[in-house]
Amino acid sequence: MSTARDVQTDTAELIARRYGAPLEGAPAEGTPVVDLQLRHRSVRRYLPGEVSDAQLELLIAAAQSGSQSSNLQVWSVVAVRDQDRKDRISTAIGGRRYVEECEVFLVWVVDFHRATQVVERTGTAVETNAYLENTLVGFVDSGISAQNALLAAESLGLGGVFVGSVRNNPLAVAEELGLPEYAFPAFGLAIGHPDPAEEADTKPRLPQRAVLHHEQYDDAAWESGAEEYEERLREYYARYGKPDYSWARTLGGRVGPAEGLHGRQQMREWLSSKGLLSG
Ligand SMILES: Cc1cc2nc3c(=O)[nH]c(=O)nc-3n(C[C@H](O)[C@H](O)[C@H](O)COP(=O)(O)O)c2cc1C
């Protein structure tokens with residue numbers, strides 16, 4: 001049995017792995033939940049093995065237990081187990097092996113269809129689907145709930161990866177899933193049994209001084225942290241045969257030229273075509 005002291009030591013070690021370097025100062029005292037969070041890594045390679053309906057129910061119960069903006073509950077999940085459907089989705093979004101090989105592919109859907117129906121049945125006209133605010137709420141709450149589901153999966157010894165690539169071709173995915181008006185695929189979550197042979201580990205994050213500000217945003221605070229992070233992430237990727245990896249360069253590929261959005265520049269039009277942001 002582990003003692004409080006062991007737990008403390010483990011947590012300090014997990015935190016050091018999370019940052020790619022030991023923390024300065026006293027180690028934090030962890031909890032089983034935080035330790036699980038610290039152990040997270042995306043899992044893209046799976047061993048065969050069932051994810052049962054009972055496990056799926058548990059994941060969704062965890063997801064639904066997350067906070068909900070105004071308790072609107074404006075998201076849904078489509079669970080895809082059918083191999084042909086997973087393959088078609090993979091093809092539609094540019095070919096993603098982890099979509100094809102996972103046990104269950106959960107597509108998180110921003111869902112104002114249900115809310116619209118419920119409200120219209122009360123005789124109230126729905127005017128807000130046209131506004132960015134509601135779409136933001138749908139995406140924010142989808143993210144919160146899906147992270148709960150992933151953590152629940154990890155607590156069961158399963159693993160998974162978010163799949164934002166669903167937004168490479170969201171209308172094709174919406175059609176494949178039979179999504180109605182006002183329902184839009186936000187991202188996927190591929191779930192399965194982790195293959196321990198996958199070449200991946202705890203991926204270091206920015207040092208806290210680069211992300212945590214006290215009282216007011218401190219523009220000078222992140223500079224040295226971002227520099228240190230380049231080194232930590234280079235070390236991480238060097239372990240997997242990529243010694244020239246650069247975080248700044250990767251960031252630049254995504255937030256630099258508009259082409260880095262890989263066609264998602266059309267997101268406004270895509271959302272509008274499903275009745276969101278249509279005003
Ligand atoms: C909303 C979201 C979308 C993501 N989409 C993808 C994706 O399409 N493909 C992929 O391989 N990883 C995807 N990821 C996983 C990230 O690449 C991963 O979380 C990040 O590199 C950090 O690695 P870690 O999760 O192993 O710590 C996504 C993560 C999030 C939160």
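Modeller: Helices here are DSSP runs of H or I of at least four residues, numbered from the N terminus. The model is a predicted one.

Biologist: Then where does His 213 lie?

Modeller: His 213 is in the loop that joins helix H9 (208–211) to helix H10 (221–238).

Biologist: Which residues is His 213 in contact with, leaving aside its neighbours within four places in sequence?

Modeller: Those are Asp 218 and Ala 221. With Asp 218, a polar atom of the His 213 side chain lies 3.0 Å from the backbone nitrogen.

Biologist: Switching to the ligand. Which residues surround it?

Modeller: The shell consists of His 40, Arg 41, Ser 42, Arg 44, Tyr 98, Val 161, Phe 162, Val 163, Gly 164, Ser 165, Lys 203 and Arg 205. Strand E4 (residues 159–163) gives the most to that shell, with 3 residues.

Biologist: And which pocket does the ligand sit in?

Modeller: The largest pocket.

Biologist: How much of the ligand's accessible area does the protein cover?

Modeller: 66% of the 620 Å² that the ligand has on its own.

Biologist: Now helix H7. What should it span, and how far apart are its ends?

Modeller: H7 has 24 residues (132–155), so at 1.5 Å a residue it should span 34 Å. Its end C-alpha atoms are 35 Å apart, which agrees.

Biologist: What comes just after H7?

Modeller: Gly 157, with a positive phi of about 85 degrees.

Biologist: Which residues have a positive phi although they are not glycine?

Modeller: Tyr 182, at about 70 degrees, and His 262, at about 50 degrees, are among them. Tyr 182 belongs to the loop between helix H8 (170–176) and strand E5 (183–194). His 262 is in the loop between helix H11 (247–255) and helix H12 (267–273).

Notes
Residues numbered from 1 in each chain as written. Predicted model: local features only at pLDDT ≥ 70, side-chain atom pairs only at ≥ 80, totals over all residues. Heavy atoms only, no water. Helix = DSSP H or I, 4+ residues; strand = E, 2+ residues; numbered from the N terminus. Expected span 1.5 Å × (residues − 1). Contact = heavy atoms within 4.5 Å. Polar contact = N/O pair within 3.5 Å; in protein donor to acceptor, adjacent residues only side chain to side chain. Near = heavy atom within 4 Å. Areas by Shrake-Rupley, 256 points an atom, 1.4 Å probe, with all protein chains shown as cover. 1 Å grid on protein atoms, 1.4 Å probe; cavity = no way out; pocket = protein on both sides within 12 Å on 5 of 7 lines; lining within 4 Å. Sits in = over half its atoms within 2 Å of the grid points.
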